[in-house]
Amino acid sequence: MFAAARSALFAASRNGARVSPNARSLPAALFQTADKHTLVLVRHGESTWNLENKFTGWVDVPLSPKGHEEVIEAGRLIRDSGLLPDVAFTSLQKRAIRTLWHVLEETDRMWIPVTKAWQLNERHYGALQGLDKQETVDKYGKDQVLIWRRSYDVPPPVVDRSSEHHPGNDPRYAGFDFPDEWTESLKTTLERVAPYFEENIAPVLKSGKTVIIAAHGNSLRALVKGLDGIGEDVIAELNIPTGTPLVYELDDDMRPIPQEGSFGPLNGRYLGDQDAIRARIEGVKNQTK
Amino acid sequence: MMTPSSLPVVLMAVAAVVASSPTAFGFVSPVPASVGVVPDGIRPSLRPRSSSPSKASSTTTITTTTTTTMLNSHKLVLIRHGESTWNDLNIFTGWADASLNERGISEASQGGRLLREGGYVFDVAYTSVLKRAIKTLWIVLEELDLMYIPIVNTWRLNERHYGGLQGLNKQETVDKHGKEQVLVWRRSYDVPPPECDKSSEYYPGNDPRYANVDASDLPLAESLKTTGERFMPVWEDEIGPAIRDGKRVIIAAHGNTLRALVKHLDDISEDEITGLNIPTGVPLVYELDDDLRVIPNPNAIAPLRGMYLGDLEDVRARIAGVANQTK
């Protein structure tokens, strides 16, 4: 039986079908030879403004020392899993770019093409950007702030072109035309993440390349909402732990293939200490974010 | 309250191709697909920049004749990566992917600082697929707070391939082949080292990063001449046009590819280029006109017409010093 399984496995890989590098046994590997596409998501690590408890959004703050450590570890986990990213996508924000650079360094894939896109940015926090979270609660009341932070489709107040936080005043967005007033909800974030994924990332996955995306809490929420068909109420509360690689196997239609060890409602599987990750997912629910 | 339907339609737009097969998203965007797409045909140099002007686009204090060329001059910055772990071990490196060592990292930081102090801003960066150059670029971009610019990695900017000598200790190679022969392999213009074997780990066909490169383009060994020959297409087809288009370019690369480029820019002879040393980690700034011809800098150190940043006496000493090193 062993010999038959092995020759079938070799036949399958000769035909170009993807064979999982993580196959633990030959019979299991056989079932994994159907065309599947690997997508690795990494949320950037702690930033300096997480420490300062400020609304960040599109403000380009760096990783904190702990944030660097977190994502170096994420890179090691990916390296040890045997996954080899072929193409990378990230935002225009340094905390995600630096996260990606750490991962590429740890996996020895610094040479792969990287595309940076504003569509993968964190959700823009409008007029709240730069404000201290506690001060904002004191000013507007806890309920209003909670709506701005946790609702699906209620964005914070807009910024206009006179604000330093308007993208028109940042040279990195010089090639794009943003409206005079700008802010985002999770809903509108999804409305720019989803088409970007469809048009730019899905084709790369379908061509057989393993893709890694280093991005932010809300842009990754938008992404997994679409991949896993998660409802609006659930996604607003869903927390994706920082610096923890989340691996999806997608079929040719970009539908997630269920995996053992995934934590509902996600079909993706986290790499690392599963108990610690579960605790973090539960714990973050109660934190200020 | 803002809603996506109130977003004004962007007039200058490239129609985005929407994937037609049904997907898990099943999503049809109410936002015009053109929002956020970089419009074709818009030259960044024509768009008024609201950010603080950088020295890279200001006029320089040079005493050339034509002032009109200064209006359309383009600054191009070159930087050679710093010391790698294999420099310490005195091993022929070539396309082997050695990392920067501590000194190389600090050289890159220093280069980045000089560029930051000079007010340099870039729109796009080019580098090789070798980590010692990539890491140098990353360090420079971090120092400049320009981590968000696109980076193009191309094998055509790789160091010269050292063929069958890659991985060999330099002294052992001298002991084996004689000092004269090794000097020829290292310092001639057009004599390549012995070829590497196709079964070798150093044959690029065995490295996944070259999977998309035509097998006929993959070297088994290179001379400075052939290095230049495979570098020039990316200069002519990609980098040159980007510069003419108004993009401010930085290239982080290797000793021999930068030699090939400056040989072309400054019309340096074959004999002179083999002896020319470009110090590591020191930004080298060229000013080019619209035809990509060099506007000579009065502070240039011949035979180059570009200008090194930093303490020029120090740079001169390093240029002379590197000439005596093993490389």
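This is a predicted model: local features need pLDDT of at least 70, side-chain atom pairs count only at pLDDT 80 or more; totals for chains, interfaces and linings use all residues.
Entry 1. I then looked up the total, and over all chains the structure holds 29 salt bridges.

Entry 2. I looked up Arg280(A) and found it in a salt bridge with Glu70(A), where the closest N and O atoms are 3.7 Å apart. Arg280(A) belongs to helix H11 (residues 274–284) of chain A and Glu70(A) to helix H4 (residues 65–81) of chain A, so this pair ties together parts that are 210 residues apart in sequence. Glu70(A) has a relative accessible area of 14%, which is under 20%, so I noted it as buried. Arg280(A) is partly exposed, at 35% relative accessibility.

Entry 3. In chain B I looked up Lys225(B), whose side chain meets that of Glu229(B) in a salt bridge of 3.4 Å, N to O. Both residues lie in helix H7 (residues 224–244) of chain B, 4 residues apart, and I noted that this is about one turn of the helix. Lys225(B) is partly exposed, with a relative accessible area of 34%. Glu229(B) is also partly exposed, at 47%.

Entry 4. I looked up Asp245(B) and found a salt bridge to Lys247(B), with 3.6 Å between the closest N and O atoms. I wrote down Asp245(B) as partly exposed at 23% relative accessibility, and Lys247(B) as partly exposed at 27%.

Entry 5. Last, I looked up a network in chain A. Salt bridges with shared partners join Arg76(A), Arg79(A), Asp80(A) and Glu106(A) into one network.

Definitions and conventions: Residues are numbered from 1 along each chain as its sequence is written. Chains are lettered from A and ligands numbered from 1 in the order in which they are written. Side-chain values use heavy atoms; hydrogens and water are left out. A salt bridge is a side-chain nitrogen of Lys or Arg within 4 Å of a carboxyl oxygen of Asp or Glu. Helices (H or I, at least four residues) and strands (E, at least two) are DSSP runs, numbered from the N terminus. Buried means under 20% relative accessible area, exposed over 50%, partly exposed in between (1.4 Å probe, protein chains only).
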